[in-house]
Amino acid sequence: MKTGRIIKLISGVYQVEVDGELFDTKPRGLFRKKKFSPLVGDVVDFEVENITEGYIHHVHERTNALKRPPVSNIDHLIIVMSAVEPEFSTQLLDRYLVIAHSYHLRPRILVTKKDLASDEKIQQIEQILDVYQSMGYQTQFVSMNDDIELICNQWGEGLAVLSGQSGVGKSTLLNQLFPDLHIETQDISQSLNRGRHTTRHVELYPRANGYIADTPGFSSLDFNHIQKDEVKNYFMEINEYGDYCKFRNCNHVKEPHCNVKTELENGNIADFRYDHYLQLYNEIAERKERY
Ligand SMILES: Nc1nc2c(ncn2[C@@H]2O[C@H](COP(=O)(O)OP(=O)(O)O)[C@@H](O)[C@H]2O)c(=O)[nH]1
Ligand SMILES: [Mg+2]
Ligand SMILES: [Zn+2]
């Protein structure tokens, strides 16, 4: 028996890496009966059949698992946003952050295409990133010609997953790290009109201190698993200031003696953050009424 990590799935075959060696493995029939499927990212025990093949017997307990994209045991979720093309949006960023926190992932923020942004735009984004840093997020603002390896080494050990809208430069980043891969990148015009046919497979690539994965991102920014009363927990500063509200279950909307409202007035919570919180809270509250 050997133990390794699933790095990709192609037509029912799980490729498992063990210290640089690759094995094509299949789950035993038992898994199919239990309707349990291994995920890319899983650590598995498998029985070696021959020099390159094997059967998966056991999947180790996961620290986390995403359905879309299907990947498990993520150590660093890198939310990739571009400065321009597509335009940087704190609204979109906040939605990615909420999803990440809802899966108990601690995200980092990486902004690309600094080289394409005007000085004014750069300054504006840097100010916004300061706001996120003050909440405790690690942020990076990069250009194509920066030392990507250095940037990626700051992420620490383990599996780093790049997630973000299409066209922000995820594949470009991977190509810079692994010039031999020739991962397909897209023109902006193409990526924005992308059909539903695009394969959404996840693949892990080894990096200096772990793995890195390119993913299509959380495909639909789906909030169905989140209840309206949970949203406040996924805005880090609102969550912290909310501890001092009069009511423990305060949603910081119209409740009296709300500390979040006080801190908003004092300028300790950015207006745009509170606005995005309220928007999402209301969207989810309305969604519930339809049931
Ligand atoms: N100028 C510039 N272009 C970039 C940068 N990063 C990505 N691009 C371009 O943006 C387009 C989309 O990139 P791609 O890697 O396919 O994005 P993905 O959909 O996130 O994988 C491509 O045409 C890239 O060449 C960058 O930092 N600077
Ligand atoms: Mg891509
Ligand atoms: Zn409150």
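**Figure 1. Polar contacts of ligand 1 in a predicted model.** A polar side-chain atom of Thr172 lies 2.5 Å from an oxygen atom of ligand 1. This is a polar contact, a pair of N or O atoms within 3.5 Å (within protein, one must be able to donate a hydrogen and the other to accept it, and residues adjacent in sequence count only if both atoms are side-chain atoms). A polar backbone atom of Gly167 is 2.7 Å from an oxygen atom of ligand 1. Asp115 places a polar side-chain atom 2.7 Å from a nitrogen atom of the ligand. On its own, ligand 1 has 580 Å² of accessible area, and the protein covers 85% of that (Shrake-Rupley method with a 1.4 Å probe). The model is predicted: local features need pLDDT of at least 70, side-chain atom pairs count only at pLDDT 80 or more, and totals for chains, interfaces and linings use all residues. Residues are numbered from 1 along each chain as its sequence is written, ligands are numbered from 1 and chains lettered from A in the order in which they are written, and side-chain values use heavy atoms, without hydrogens and water.

**Figure 2. The shell around ligand 1.** Ligand 1 is surrounded by 15 residues, each with a heavy atom within 4 Å of it. The closest are Asp115, Gly167, Lys170, Ser171 and Thr172. By type, the shell has three nonpolar, nine polar and three charged residues. Here Ala, Val, Leu, Ile, Met, Phe, Trp, Tyr, Cys and Pro count as nonpolar, Asp, Glu, Lys and Arg as charged, and the others, Gly among them, as polar.

**Figure 3. The zinc ion (ligand 3) and its donors.** Cys245 (SG), Cys250 (SG), His252 (ND1) and Cys258 (SG) are the protein donors, 2.1 to 2.4 Å from the zinc ion. Donors are N, O and S atoms within 2.8 Å of the metal (3.2 Å for Na, K and Ca); water is not among the atoms, so sites may look incomplete. The arrangement is tetrahedral because the four donor atoms subtend angles of 101 to 117°, and four donors count as such if all angles lie between 85 and 135 degrees. Along the sequence, the donor residues follow the spacing C-x4-C-x1-H-x5-C.

Key:
Four donors count as tetrahedral if all angles lie between 85 and 135 degrees; four count as square planar and six as octahedral if opposite donors are over 155 degrees apart and all others between 65 and 115; anything else is irregular.
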